Amino acid sequence: MVIVTRIRREVLTLPAAQLGPDNPLPPLRPLDEVHRIEDRDRDGMPADMARQLGQDPLHSLLPVRVRDGYDRVREPRALDALVIENDRLRATVLPGLGGRVASLLHLPTGRELLYRNPVFQPANFALNGAWYSGGIEWNIGATGHTTLSCAPLHAARVPAPDGGEMLRLWEWERLRDLPFQVDLWLPDGSDFLYVGVRIRNPHERPVPTYWWSNIAVPEERRVLAPADEAWYFGYERRLRRVPVPSYHGVDRSHPLNSPYAADYFYEVPERRRRWIAALDADGHGLMQTSTDILRGRKLFVWGHRPGGRRWQEWLTESGTGGYCEIQAGLARTQLEHVRLDAESEVSWLEAYGPLDAPPEGDWTGAVQGAEDRLESALPRARVDQAYTTWKPYADTEPTQILAAGSGWGALEVLRADWKLPGTPFSEATLGDAQAPWRELLRTGSLPEPRRVRPPGETLVAPHWRDMLETAPATPHTEYHLGVAQWHAGDRAQAVRSWERALPLAPSLWPLLRCLAVADQESGHHERAAERYADAFDDLCRERRDDGAAWTAAVAALGRETVQALLRVRRTADARTVWNRLLPAVSRRGRFRLLEAELLLAEGRPAEARAAFDAGLEVADLREGEDILGRLWSRLTDEPLPAHHDFRMSPDQ
């Protein structure tokens, strides 16, 4: 047999916004994740579902940093892409942006099977901020879009089970400290892209695990799945069982029939084949199926109300059409985490390809018709066999490295001497971010910074915290130790570590800011405001230039300081801080919004209103955030203008 599958490099040029630098302040506050439910909603749930809803939900982003330095200025930029194709399909993958499959083109018909975003526009949807819409994304870590949404993954060529080549993506997921891999290949003549996924737990303890494959498709579709019920979750944070497809007299299998953004987690019967499809009016579309371990299926819709339509425009360009998402995950819902036992792994196989089937008619008939067509095009037994055949190849070492991810996996492998066949975390990938931690590992001492700059990232896992506790107690070490202790829940000890560091620390502002957050979390807002003001003053004295790192620090600390001062009604002091912001910072939409709040506190509502009328755009507006609506209602009784309407639920 002649193997015709090809993997090649390509440059994808898109109108793209800049990602910018990460926020240098450690995220000490509890995670504000919108996908949470009230305890009363657990009554009547299946036992495993109720248990997994309480299975170690994520409370902190540490050790990951927040990515909020992006803007909305789009210019043509070149994005590195890897293309895998046979004579039937062409998949375009972005290894530098989470390994996203940006396009899946069916070559015989010329049909794009995915929603392909014509721009790259980050928005605040990932757990740590920057995320973008379109394509197929791989979500690992915890409830929400992965912190790797806009991060580079390792990529390489690897031998495929059929004698051809696979494209392997892999990284170290830092929230749960788990390595994972995604293997993509196209068997000769196949209309389906095969995707083998493996998550490994090398630790001597069980770890909560999360995975959802999110597939963006045009929203003018009917979505079919083998279920008669679904768990409905809206942004009012309620989870309840509803019938499928009609709910409150409306057929929700058509995404545009739903008024507000919502999730429908399908209750697929135990022995039923796992699949989901999105078909247009002519019966053409995309089918996703998998081995049974990937049990969950979901439809996400933006809804037809103004808020949902505004989000659709925000994430792309006006006039390019909207999208919905069909998804597949390890649990029934995305609010659950699955236990992965110590020194074990979980793996499965997914398949993506075209499907032609009548989309309309009664639900049972349409679903059965689609499943029959799927069985004809890709029998369930063939998927199971492909998984069995792929499994030994998951350990095969790469033949050619195509892209590099982070050095965090290499650091963990160096620390524990783990053997992870198939996913090499080479010491060559260690960089500046890992250098001090490698030194701590080698010498037992965390080195002092060689020059004045914002502090680097803090590692917070128990083994790193133990090393910090036994290292020489320099101010730099005490700072990082306090962050690790805070993450572990030992807040009193964290405060003591930061306070011990203050008398000898060359840089006061990182410590003062940590202490200010501790004050706020314990209800001491006046003291927090004072410490924030002192921290910002120290930062302004210490700042060496107007480069990206210092500008990011001024922006992050300045924003928190103004908010803390406004909270205790120290309006004049908040204005003083505002006036010291760099012009490049104060021009940003988030800071123009902050100034509108400041102007309102100063009794200048007309000037605050002018900020809105000037076309305010907050690049990092958070999913579900209603600050624009709330501030507008304080300024006027007029209806919220359409370009400021991002409301995602009826109660906003």
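My entries start with the whole chain and then go to single spots.

**Ground rules.** This is a predicted model, where local features need pLDDT of at least 70 and side-chain atom pairs count only at pLDDT 80 or more, while totals for chains, interfaces and linings use all residues. Residues are numbered from 1 along each chain as its sequence is written, and side-chain values use heavy atoms, with hydrogens and water left out.

**Whole chain.** I started with the secondary structure and got 17 helices and 27 strands. Both are DSSP runs numbered from the N terminus: helices are H or I with at least four residues, strands are E with at least two. The radius of gyration is 25 Å against 26 Å from the globule rule for 652 residues, so the protein is as compact as a globular protein of that length. (The radius is taken over C-alpha atoms, and the rule is 2.2 Å times the number of residues to the power 0.38.) Along the principal axes, the C-alpha atoms fill a box of roughly 70 × 65 × 50 Å.

I then checked burial: 60% of the 652 residues count as buried. Buried means under 20% relative accessible area, exposed means over 50%, and partly exposed is in between, with a 1.4 Å probe and protein chains only. For contacts (heavy atoms within 4.5 Å), I took those with a separation of 6 or more, and 72% of them join residues 24 or more positions apart.

**Helix H13.** Which residues of H13 are buried? In this helix, residues 571–579, I found Thr-571, Ala-574, Arg-575, Val-577 and Trp-578. Seen down the axis, they fall within an arc of 160°, so they line one face of the helix. That arc is of the directions from the helix axis to the C-beta atoms. On the other side, Ala-572 and Asn-579 are exposed. The cover over the buried residues includes H11 (525–542), H12 (548–567), H14 (583–586) and H15 (589–601).

**Helix H17.** Here I noted Ile-627, Leu-628, Gly-629, Leu-631, Trp-632 and Leu-635 as buried. H15 and H16 are among what covers them.

**Two loop residues.** Leu-19 is in the loop between strand E1 (6–16) and helix H1 (47–53). I looked at its distance to Tyr-70: 51 residues apart in sequence, 4.2 Å C-alpha to C-alpha. Beyond its neighbours within four places in sequence, Leu-19 has contacts that include Leu-97, Phe-120 and Cys-150.

Arg-622 is in the loop between H16 (605–613) and H17 (627–635). Is Arg-622 buried or exposed? Its relative accessible area is 13%, so I put Arg-622 down as buried. Leaving aside neighbours within four places in sequence, its contacts include Asp-32, Trp-311 and Arg-590.

I found a cis peptide bond from Leu-62 to Pro-63, with omega near 10°. Pro-63 is in the loop between H1 and strand E2 (75–85). Val-244 and Pro-245 are also joined by a cis peptide bond, with omega about 5°. Pro-245 is in the loop between strands E17 (238–243) and E18 (246–247).

Positive phi came next. Asp-177, not a glycine, has phi near 60° and is in the loop between E10 (165–173) and E11 (178–185). Asp-177 is buried at 11% relative accessible area. Glu-343 has a positive phi near 50° and lies in the loop between E25 (338–340) and E26 (344–356). At 58% relative accessibility, Glu-343 counts as exposed.
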